[in-house]
Amino acid sequence: MTITQASVIQEYKTRTHNTDESPGYFTTDELQKLANLWSLIIDYLAANKDKQITVNSELLERVKNTWPDLRQDETIDMQDNEQVTRRAWKFTKGESTVRKLGLLNRKPVDHERQLLERHVCETTQEYVDRVSGHHVPLLPTSYFPSFKYPDNATRNWRDVFWAIASAKQHPDIWVHRYLRANGWDTNKAFVCIQSVIEWRAAQALDQINWEGDICLGFDEQRLGILQLVGHDKLGFPLTYFRVCRIMPRANQSFVFKRYLIHQFETIQHITRSHSRITMLCDFTGFSMDNTPFNIVHFLVTLGTKHYAESTSVLILLVDSWLFANFWSLIRPFLDASLSARIVFAKTMNDVLVFIDKSQVPEELGGLNKIDMMKVPEVNDNCKLFDEKRRQMAEIEWREKVEKFEEATRIWCTRFNGDKSDTYSDVRDNAAHELDRAECHLGQFTRARTQYARLNMVDSNGQLRPFPTK
C-alpha cells in the first residue's frame with residue numbers, strides 16, 4: 001500500500017490505524033518476503049558468527065576528550081538545586097502572541113535565557129560531583145560489551161544485531177521496518193540492515209545506552225530539548241522536540257548528536273510493543289540563526305536510515321515564512337515514506353487533528369503539564385554494578401537468541417503461506433521468551449533513564465500507559 005499524506009491525516013481524523021504492512025497483519029506475499037529476508041540474515045549470521053567491527057565512535061572520543069576541558073560558566077548560580085531542577089520557562093497570555101497559532105506565548109525567564117546562553121557542557125556526573133563536593137559513583141568505573149566479547153575496542157556483529165532486534169517485543173517489528181523502507185525489496189532491505197548494524201557497532205551505541213544520561217550534557221536535559229510526553233490519537237507515543245533551543249548552545253554539535261541518539265535509543269527500548277512514534281517539532285520563533293542545519297540534517301538521517309519507518313506522523317509547528325527556505329534545503333534528504341508522514345501546523349486546530357488537547361504540552365496551550373527531569377541519585381544504577389547477575393542474564397539471553405534463531409531458520413525453510421502454522425507458533429513463543437530475556441538483561445546493561453525516575457516506566461523498563469488528563 002502506498003502511504004500518502006492524505007491517508008495519514010484520514011487515519012487520525014477517523015482514529016483508525018491502518019494496519020496494512022504491519023506485524024500481525026502481513027499478507028501472504030509480505031510474509032514470504034519477510035521469510036526471505038530472515039533467510040539472508042540467518043545465513044549471514046551463521047557465516048559471520050565471530051565477525052568483529054572496530055569501534056570508531058567520534059562521539060565517545062570527542063565527549064571524553066572535550067568535556068573535562070570545558071570550564072564552568074559563572075553567569076548562573078549552579079549551587080542552587082531548586083533553581084537547577086525547576087522548569088526553565090513560564091507562560092504568559094497575550095503580549096506578543098505568536099501569529100495565528102492561538103498558542104500560549106512562551107516567554108523565557110532569566111533562568112532559561114542563562115541556560116541557553118551558557119556554552120558549558122557539564123555532564124550529569126560532573127554536576128552531581130560538584131554539588132556534592134566529592135565524586136559520586138553513578139556508574140561503574142569501566143564498561144565492557146559482554147562477557148563473551150569483553151574487548152571494548154570492537155563489537156561482535158551478531159551480538160549487535162540481536163541486541164537491537166530483541167529490543168522490540170518481536171524481532172519482526174524491527175526487521176520489517178527495513179522492508180517497508182525499501183519498498184519490500186528483500187535484497188535492498190538486507191543491505192540496509194547490514195549498514196545500520198555496522199553503524200551501531202562503530203558508534204558503540206551499547207556503551208551510550210549503558211552510560212545513559214549520566215554522561216550527557218546536564219543543561220540539555222534541563223531544557224527538555226526532546227522528551228516523551230504522552231500519546232497521539234492513535235495511541236502511539238508522543239515526543240516533543242523544542243528545536244529552537246538548540247542553536248544558542250550548539251557550539252559543540254557532537255553534544256547534541258549524542259543527546260539525540262540517546263533519546264532515540266531510550267524511546268526505542270521503552271516502547272517495545274510500539275512500531276511507531278509521533279513527533280511534534282516546535283519550530284516557532286524560527287530563524288536561520290537559531291536552528292542549525294547540520295543538527296536537523298543529522299536528525300533526518302536518523303529518521304530515514306538508522307531508525308527507519310519508526311514515525312507515525314511528524315508534525316512541524318511553524319510560524320515563520322523564513323522556514324520555507326530552510327525546508328527547501330532539508331526536503332531533498334527525505335524519503336517518500338517519511339515525506340508522506342510530515343504535516344505542517346500553523347494553528348492549534350492543526351495540531352488537534354493528531355493529538356488530543358489533554359496530551360498537547362501546556363506551553364503550547366494544551367493541558368499536559370510536563371515533568372522536566374529529576375537528578376540521578378547514588379543508587380539509581382546499582383544493577384550496573386552487579387556483574388554476577390549480569391552474567392547470568394547474558395547467558396539466558398544467548399540461549400533465547402539461539403532458540404529464536406533456530407525457530408526462524410526452520411520457519412523460513414518450511415514457510416507455506418499459512419499464518420497460523422505450527423512453525424509460526426513455535427517461533428512466536430520463542431520471540432516471547434527472547435523478549436523477556438532481553439528485558440531482564442537490559443536492567444544490567446542500560447542505565448536508568450529520566451522516564452524511570454519520573455515513574456513513566458514499569459519495573460521492566462517499559463512505558464506505562466499514559467493517563468487521560
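Two strands count as paired if DSSP finds at least two bridges between them. Helices (H or I, at least four residues) and strands (E, at least two) are DSSP runs numbered from the N terminus. This is a predicted model, in which local features need pLDDT of at least 70 and side-chain atom pairs count only at pLDDT 80 or more, while totals for chains, interfaces and linings use all residues. Residues are numbered from 1 along each chain as its sequence is written, and side-chain values use heavy atoms, leaving out hydrogens and water.

**Sheet**
- Thr239 has Met279 in E7 as its bridge partner.
- Strands E6 (residues 237-242) and E7 (residues 277-282) run parallel and are joined by five bridges.
- Five strands make up an open sheet with mixed pairing, in the order E5-E6-E7-E8-E9.
- Strand E5 (226-231) and E9 are at the edges with a single partner strand each, so one side of each has no neighbour in the sheet.

**Arg341**
- Arg341 sits in the loop between helix H15 (336-340) and strand E9 (342-345).
- Arg341 counts as buried because its relative accessibility is 6%; buried means under 20% relative accessible area, exposed over 50%, and partly exposed in between (1.4 Å probe, protein chains only).
- Leaving aside residues up to four places away in sequence, Arg341 touches Ile3, Val8, Arg180, Arg276, Thr311, Ser312, Val313 and Leu314 (contact means heavy atoms within 4.5 Å).
- The C-alpha atoms of Arg341 and Thr4 are 7.4 Å apart, although 337 residues separate the two along the chain.

**Phe293**
- Phe293 belongs to helix H13 (residues 293-306).
- Phe293 counts as partly exposed because its relative accessibility is 32%.
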